[in-house]
Amino acid sequence: DPRRGGWRRADVRESCRNMYASWSYIGTTFSYAEHCGDESRQDIFGTASQSVEPIDGKEMKKIVLSALLLSVTAMAGAQEPVTIVKQGHFPVGGTTIQRSGTYDNSKFVGWAEQEETGQSYRADHAFVDFQIPADAHCLPLVYVHGYGGSGICWQMTPDGRDGFATLMLRRGWSSYVVDLPGRGRAGRTSATTTVKPVADEMFWFDIWRIGIWPNYNEGVQFPKDSASLSQFFREMTPDISDHKQDVPALSALAKRIGNHILVTHSAGGFPGWMSAIQNKEVKAVVSYEPGGFVFPDSEVPERIDGLTGGVAGTPVPMEQFRRLTEIPIVLYFGDYIPETPSQNLGDENWRVRLQMARKFVETINRHGGNATLVELPKIGIYGNTHFLMQDLNNDELARLLNEWLQSKFIEHENL
């Protein structure tokens, strides 16, 4: 622009934003650092740069050529759109607290503080997003998140690729994505708790086996740029639940939608087992690195100790446990889990849980069940963190799950 003495970096970054919108439209995500610099990628997600540093013609040609090449790549690699025939969201389960007396609508106390006499408070429900694709399989997938998060972990990835639920939608599996009571969009809870800012992200970086802060694990399937890590931590949500309503909420959802397959993660694994025990509508359970396990009350294995407190099995009556032997179950565990005790918190946390998972699967199968434990490195899939469904190879994991579902239901017409 002769009026400005050449291109400004701000102009180029605005062009990058416009190109980003076009690329997003056709469903492809790129690394902006290569073309606009790390700072401009930050700008795309935040405030635009105010830099007026000029760019010479040669540099501008390189940027435009890179953009054109990316546009061609985007069109070549774009995925087919998903046809959704129905979608929506709804709360499910929960309680209603009713205060005694008669409500006086002439009184104003304040916006946060209230005179509660005669008033009601609805709480402890789950919140559910659902999408049903064209030509859907008969059994939908119900996604249950773990600690510190919400259903969004199934719907997105930190670097903008398709979320796991979308990958399964592309394969014909309807999705019901749950925010458990007291988390995400289900924030109305009857539990009394205190929410305070706790600086804990480096701890979770280690626990979730992304690496040992500040270093990433070698070969890790988690995107290593700073913007993706920031997006990942911004998915986290306060947990203001006492967890007593998790299973009732899943039971209420089962009654509402009917037969389905549970897909759980981490701390969502335990309420998943309990929902399967209590609800005949649960026709299978898929669990990604579950944090807790149930056993027949006379067969609970010894506690396995570790640096993060270890893990113990939860006893249930044999007649309840038997329900888990009547449905197909598969568990997936990722990489960087040692066989022997370690001084690293993340290693230890999942070492003991993987060992307990082996005992859990063995117990189910010994009682005539059909449970499978998939340790991904043992089948040649490496680098997965605790958040397998968001890792760079989540499409490969979606393919694995689809093959398992096909073998259990479609091929044998068990729907």
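The legends below describe close-up views of a predicted model. Residues are numbered from 1 along each chain as its sequence is written, and side-chain values use heavy atoms, without hydrogens and water. Local features need pLDDT of at least 70 and side-chain atom pairs count only at pLDDT 80 or more, while totals for chains, interfaces and linings use all residues.

**View 1. The eight-stranded sheet.** The strands (DSSP E runs of at least two residues, numbered from the N terminus) form an open sheet in the order S3-S4-S6-S5-S9-S10-S13-S14, with mixed pairing; two strands pair if DSSP finds at least two bridges between them. Strand S3 (84–98) and strand S14 (370–375) are at the edges with a single partner strand each, so one side of each has no neighbour in the sheet.

**View 2. Strands S10 and S13.** S10 (residues 282–288) pairs with S13 (residues 328–333) in the parallel sense over four bridges. Tyr-288 has Tyr-332 in S13 as its bridge partner.

**View 3. The second largest pocket.** The pocket is an open set of points on a 1 Å grid over the protein atoms alone, where a 1.4 Å probe fits, with protein on both sides within 12 Å along at least five of seven lines. Its space is about 490 Å³, the volume being that filled by probe spheres set on the points, which are joined across faces, edges and corners. It is lined by 19 residues, of which Lys-196, Val-198, Asp-200, Thr-237 and Pro-238 are the closest to its centre; lining residues have an atom within 4 Å of a point.
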